[in-house]
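User: I have a model open on my screen and would like to understand the labels attached to it. Could you take me through them?

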Amino acid sequence: MIVLALDTSGVDCSACVYDSASDRVLGEVCEMIGKGHAERLMAVIDGALQQAQLPLQKVERIAVTIGPGSFTGIRVGVAAARGFALSLGVEAVGITTLETLALHHLLTNPGRPVAVGLDAKRGEAYLQTFAADGSPLAEATLLSLNDARGVLSGFDGAVIGSAAPLFAGEEIGSGPDHFPIASVARSAARKPAGQPKPAPLYLRGPDARPQTGFALARQDVA
């Protein structure tokens, strides 16, 4: 199966073309841009397809990170994935950023469960635990750092992600998380057919809100 994977959930804008039959990445482009995913995504996809020397029409499945992560970036990636899937007549599969990091870790560190924590700022973290085979042990959730430490107090496994230092009592996380695009593709390729359409997994509302305190009262015109 040829999978086109997209990630715009964090600071990176990434795409890769993956062949599940040979377990090979045929083409991959990753740009650390912070913002502006909508402006760069199509060029990044074109670059990955050119490296793979395959036309878009050869893609048999679309994979996309659905969060948690950047509110705007997630929307860009999910919309693009669903659009490509519709135009190509193939399935689009959503992969969480937490699952992506868990799978990437387990590929090189097998045999133990893993907890993935992403620094959500404001004294909070996105947290999910996974078994040694990569299956989730609990739902992804947004917790205060204290509550997350409580959840992990009896956890016998590795703890990874930008929030890991915060769980250990440090004041600063390990910086922005990067979601390996090849792991997004591999995870999507392993999913059985009939997956639900990708939908954003925010776990928290957007930071930007209307400034209601500055609204002007409406006046009727005679």
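Analyst: Happy to; we will start with the ground rules and then take the labels in turn. This is a predicted model, in which local features need pLDDT of at least 70 and side-chain atom pairs count only at pLDDT 80 or more, while totals for chains, interfaces and linings use all residues. Residues are numbered from 1 along each chain as its sequence is written, and side-chain values use heavy atoms, with hydrogens and water left out.

User: Why is the pair Glu91 and Arg61 called a salt bridge?

Analyst: A salt bridge is a side-chain nitrogen of Lys or Arg within 4 Å of a carboxyl oxygen of Asp or Glu. The closest N and O atoms of Glu91 and Arg61 are 3.0 Å apart, so the pair meets that cut-off. Glu91 sits in strand β5 (residues 91-95) and Arg61 in strand β4 (residues 61-65), 30 residues apart; strands (E, at least two residues) and helices (H or I, at least four) are DSSP runs, numbered from the N terminus.

User: What makes Glu91 count as buried?

Analyst: Buried means under 20% relative accessible area, exposed over 50%, and partly exposed in between (1.4 Å probe, protein chains only). Glu91 has 19% relative accessibility, so Glu91 counts as buried. Arg61 is buried too, with a relative accessible area of 4%.

User: How do you know that Asp156 and Arg112 form a salt bridge, and is Asp156 buried or exposed?

Analyst: Their side chains meet at 3.6 Å, N to O, which is again within the 4 Å limit. Asp156 lies in the loop between α4 (145-152) and β9 (158-160) and Arg112 in the loop between α3 (97-108) and β6 (114-121), so the pair ties together parts that are 44 residues apart in sequence. Asp156 is exposed, because its relative accessible area is 61%; Arg112, at 43%, is partly exposed.

User: How much area do domain 1 and domain 2 bury between them?

Analyst: The domain assignment, automatic or from a database, gives domain 1 (2-96 + 178-190) and domain 2 (99-168). Buried area is the accessible area (1.4 Å probe) that two parts lose on being put together, summed over both. For domain 1 and domain 2 this comes to about 980 Å², 64% of it on carbon and sulfur atoms. Pro68, Thr96 and Ser183 supply 44% of the area that domain 1 buries against domain 2.

User: How many salt bridges are there between domain 1 and domain 2?

Analyst: The count between domain 1 and domain 2 is zero, while the structure holds seven.
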